[in-house]
Each structure stands twice: as C-alpha cells, then as structure tokens.
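Q: Can you walk me through this one? I'd like the overall layout, then the side-chain contacts.

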Amino acid sequence: MFAGTLTRNVETAAAEYTGMIHSTRFDIAIQIEARAKMSARSPDYDVTAVNKSGRKVRIGTAWNETGNTSGNPYISMQIDVGLGPFRVNAVQTKEARAAQSGEFEIIPLVSNGLMKSGSISGELTAMDADNAFTGYIANMMFDLEFMLIENSYKSEETHPDYRIEVSSPRGKPIRVGSAWMAKSSRTGNDYLSLLINTPDGDLRVNAVQNEEQRGGKTFSIIPFIDSGEQPQDAGAGLSLVA
C-alpha cells in the first residue's frame with residue numbers, strides 16, 4: 001500500500017528528483033540521485049531520505065524503464081525503510097507527458113500472487129459526483145475503507161477503469177489497487193472486478209448487485225469466482241498503467 005509524488009528538478013540541483021512516498025504506516029520525503037553505473041543492468045539512481053537523527057541515508061535504488069505496451073518512460077524503484085523491501089513505479093499521466101511536465105505519480109507494483117478471498121465482506125456505493133465510489137472491505141484480519149477514483153491513466157481498453165485509494169496517517173491518498181467495469185456474459189448484468197493490495201496479500205473480489213440492489217447505487221462485494229468472465233489482463237493490476 002504505497003503512493004506518492006515525484007518531481008524532476010532543474011539540472012543544477014544535487015538530486016535529479018525529489019518527492020514524497022506514503023503508506024498507511026509512514027510519510028517520507030525522498031530524493032533520487034544519479035549514481036555511477038557498473039553495468040547495463042545496474043541501477044541508474046540511489047534513493048535517499050533523512051532519518052530521525054537528521055542523517056541522509058540510502059533507502060533504495062531506481063532504474064529508468066520503458067513500458068512494454070505503451071512505450072512510455074517511467075522510473076522503477078526498490079525501497080526499504082526498515083519494514084521490508086517493496087517495489088513502486090513513478091509514472092506520468094497523459095496530460096503530464098503532453099505538457100512535458102516533470103511531475104510523476106508513485107504507484108505500487110502489484111505482484112501476481114493472489115490471496116484466497118473466501119471469507120470477505122464489503123460494500124460499494126456510487127457517489128453523486130465525479131463518477132466515483134466509496135466502500136469498505138473486511139475480514140477477521142483487516143478492515144479497509146476505500147474510494148474508487150476514475151483512472152486518468154487509461155489509454156487502452158485493457159487498462160483499469162478506476163484506481164482504488166485509501167488514506168495515509170496524514171490523510172494522503174494511497175493507491176492500493178485497480179478496478180474494471182465488466183458485464184456478465186451469462187446474466188448481462190454489470191459488475192465491477194477489483195484487485196486490491198491488502199495487508200494479507202493481493203485480493204480479487206467482485207462488486208455485484210442482487211435483485212433488490214439492481215438499479216440503485218449499492219453493490220455487494222463478494223469473493224472472486226473464476227468463471228472466465230474477468231476483464232482481459234485484470235490479473236496484471238497496477239502494472240498496466242506504466
């Protein structure tokens with residue numbers, strides 16, 4: 001569960017990029033500084049931060065990458081702040097690329113390993129504005145309140161329709177998953193397919209409407225059942241936006 005922003009600095013700055021990275025457990029200011037490459041596969045950058053004693057420390061490394069399907073450049077980072085290593089990407093919206101802006105959004109890199117979703121409760125409610133949803137998902141081990149926000153990165157049919165966001169301790173939005181609009185080939189009913197990064201792992205669920213809910217704003221979140229109706233590339237998660 002990670003999110004953040006990254007900004008390209010002027011050429012004379014000591015660090016090429018500065019930014020913030022957020023999770024449900026921390027909010028950290030980071031810098032990305034160029035480093036000497038030892039080989040073609042070695043990192044392009046060091047990721048640094050200032051610890052509680054005021055000392056600058058290296059917390060990770062980063063690489064310049066290019067999206068396989070989109071051809072768009074992005075930055076891949078591997079970071080460890082003492083809670084175990086994690087991977088994130090810094091990507092740009094279509095608008096930022098068109099404006100040749102130096103602004104990037106940090107998003108989590110979702111693994112392909114999925115947890116089982118047998119004991120899950122949840123609900124999703126359409127909001128009156130912004131084509132957004134609010135909801136929760138819970139089991140005996142976690143309870144997450146989240147929002148579905150329209151995905152401004154969507155440029156291909158297989159890309160997610162929504163990003164799933166929760167809040168950091170400081171109230172910063174953190175992207176924890178993706179959602180796709182879908183239609184059942186069996187019943188013809190609309191539903192949403194969600195891929196969420198929970199504390200227990202990546203989770204697949206569907207948001208559906210029963211007979212009483214149909215035509216209203218409320219959806220029930222139910223465990224994912226593989227019926228072959230999932231949106232194409234739904235298992236690829238957030239990596240689709242890079």
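What follows is a short chat about the fold and its side-chain pairs.

Q: Before anything else, what kind of model is this, and what limits apply?
A: This is a predicted model, in which local features need pLDDT of at least 70 and side-chain atom pairs count only at pLDDT 80 or more, while totals for chains, interfaces and linings use all residues. Residues are numbered from 1 along each chain as its sequence is written, and side-chain values use heavy atoms, with hydrogens and water left out.

Q: How many helices and strands are in the chain?
A: The chain has one helix and 17 strands. Helices (H or I, at least four residues) and strands (E, at least two) are DSSP runs numbered from the N terminus.

Q: Which strands close into a barrel?
A: Eight of them do, in the order 1-2-3-4-5-6-7-8, with antiparallel pairing. On average, neighbouring strands of this sheet are turned by 30° against each other, direction ignored. The axes are lines fitted to C-alpha atoms, for helices over the stretch in contact, and angles run from 0 to 180 degrees between N-to-C directions.

Q: How many bridges join strand 5 to strand 6?
A: Seven, and the two strands run antiparallel. Two strands count as paired if DSSP finds at least two bridges between them. Glu 65 stands opposite Tyr 74 in strand 6.

Q: And what does strand 11 pair with?
A: Strand 10 pairs with strand 11 in the antiparallel sense over six bridges, and Glu 123 has Tyr 136 in strand 11 as its bridge partner. Strand 11 is also joined by six bridges to strand 12 (residues 143-150), again antiparallel. There, Phe 133 has Leu 148 in strand 12 as its bridge partner.

Q: What sits between strand 10 and strand 11?
A: The two strands form a hairpin with six residues between them. Asp 130 in the turn has a positive phi of about 65°.

Q: Switching to side chains. How many aromatic pairs are there?
A: A search of the whole structure finds five. Rings of Phe, Tyr and Trp (its six-membered ring) pair if their centres lie within 6.5 Å; planes under 30 degrees apart count as stacked, over 60 as edge-to-face and the rest as tilted.
One of the pairs is Phe 133 with Tyr 162, edge-to-face at 5.5 Å centre to centre and 85° between the planes. This pair links distant parts of the chain, with Phe 133 in strand 11 (residues 133-138) and Tyr 162 in strand 13 (residues 162-167), 29 residues apart.

Q: Are those two buried or exposed?
A: Phe 133 is buried, and Tyr 162 is too. Buried means under 20% relative accessible area, exposed over 50%, and partly exposed in between (1.4 Å probe, protein chains only).

Q: What about Phe 133 and Phe 219?
A: They form an edge-to-face pair, 6.0 Å centre to centre with 75° between the planes. Phe 133 is in strand 11 and Phe 219 in strand 17 (residues 218-223), so the pair ties together parts 86 residues apart in sequence. Both Phe 133 and Phe 219 are buried.

Q: Which rings link into a cluster?
A: Tyr 17, Tyr 45 and Phe 104, through ring pairs.

Q: OK, charges. How many salt bridges?
A: The count comes to nine. A salt bridge here is a side-chain nitrogen of Lys or Arg within 4 Å of a carboxyl oxygen of Asp or Glu.
Among them is Lys 56 with Glu 33, whose closest N and O atoms are 3.1 Å apart. Lys 56 is in strand 5 (residues 56-66) and Glu 33 in strand 3 (residues 27-34), 23 residues apart.

Q: Why does Glu 33 count as buried?
A: Because its relative accessibility is 17%.

Q: What does Lys 217 do?
A: Lys 217 forms a salt bridge with Asp 128, the closest N and O atoms being 2.1 Å apart. Lys 217 lies in the loop between strand 16 (201-208) and strand 17, and Asp 128 in the loop between strand 10 (121-126) and strand 11, 89 residues apart. Lys 217 is partly exposed at 44% relative accessibility, whereas Asp 128 is exposed at 72%.

Q: Which salt bridges share partners?
A: Those that join Arg 35, Asp 46 and Arg 58 into one network.

Q: Last one: how much of the chain is buried?
A: Buried residues make up 46% of the 242 residues.
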